[in-house]
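Please open the structure in a viewer and keep the sequence at hand.

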Amino acid sequence: MKQVVVLMALLVSGCATPRTEMPPVDQFFQKLSTLCGKNFDGKLAAGDDSDASFATAKIRAHVRTCTAHEVQIAFDVGEDRSRTWIITRTDDGLRLKHRHMLKDGTEDPVSQYGGDTLQPGTATRQEFPADAYSKMMFIKEGRAVSNSNVWAFEVEPQRTLTYELARPGRLFRVSFDVANRVTGAGE
């Protein structure tokens, strides 16, 4: 009788549906989504002389708008609240767009640039090379040097949220302390 029970248990366990791990892009989006509704102070982690204002200004991320398919993060640099990062799910991965607004409330001509993930990435890092729209806009606006941009986001739960811009000869990174949520004004 014991042998029959053991044999049945082995047969049933062999029929169980194997657990499949969530793809890295989905794990990343899930980690990013846990930050929704929260604000975090940040600091310049890498830059050059052109980034001096980032080194001295109060930097804050507001993870404000979140749905099952999109996360929007307002990025404040001092009193400048014109920037928003928009990470959207696509059929093949994720898309990053940068929205920049002018003081009069209209969209900046240099806006909606970014790209789609081309690789699976990891559960904590996703990269977004410049897409065709961005390259055409950069050329039109005299910023062709940006055509080789690769943006990235990293999420280290309970530690940091990091935004990165990299291209040959240029590295810019800002990191936000997600272990210490900011409350109060600006939420």
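Is the disulfide of Cys36 and Cys66 left-handed or right-handed? The torsion about its S-S bond is about -105°, so the disulfide is left-handed. Before continuing, note that this is a predicted model, in which local features need pLDDT of at least 70 and side-chain atom pairs count only at pLDDT 80 or more, while totals for chains, interfaces and linings use all residues. Residues are numbered from 1 along each chain as its sequence is written, and side-chain values use heavy atoms, with hydrogens and water left out.

**First stop: the disulfide**

Select Cys36 and Cys66, whose sulfur atoms lie 1.9 Å apart; a disulfide is a pair of cysteine sulfur atoms within 2.5 Å. The pair links distant parts of the chain, 30 residues apart: Cys36 is in the loop between helix H2 (24–33) and strand E1 (38–46), and Cys66 is in strand E2 (residues 59–66). Helices (H or I, at least four residues) and strands (E, at least two) are DSSP runs, numbered from the N terminus. Cys36 is partly exposed, at 23% relative accessible area, and Cys66 is partly exposed at 29%; the term covers values between buried (under 20%) and exposed (over 50%), with a 1.4 Å probe and protein chains only.

**Second stop: the sheet**

Next, display the strands. An open sheet of 10 strands runs in the order E6-E5-E4-E3-E2-E1-E10-E9-E8-E7, with antiparallel pairing; two strands pair if DSSP finds at least two bridges between them. Its edge strands are E6 (113–116) and E7 (125–129), each pairing on one side only.

Select E1 and follow its two partners. Towards E2 there are 5 bridges, and Asn39 stands opposite His62. Towards E10 there are 6 bridges, with Ala46 partnered by Arg173. E10 is also joined to E9, by 8 bridges; there Leu165 has Phe172 as its bridge partner.

E4 gives the most to the lining, with 4 residues.
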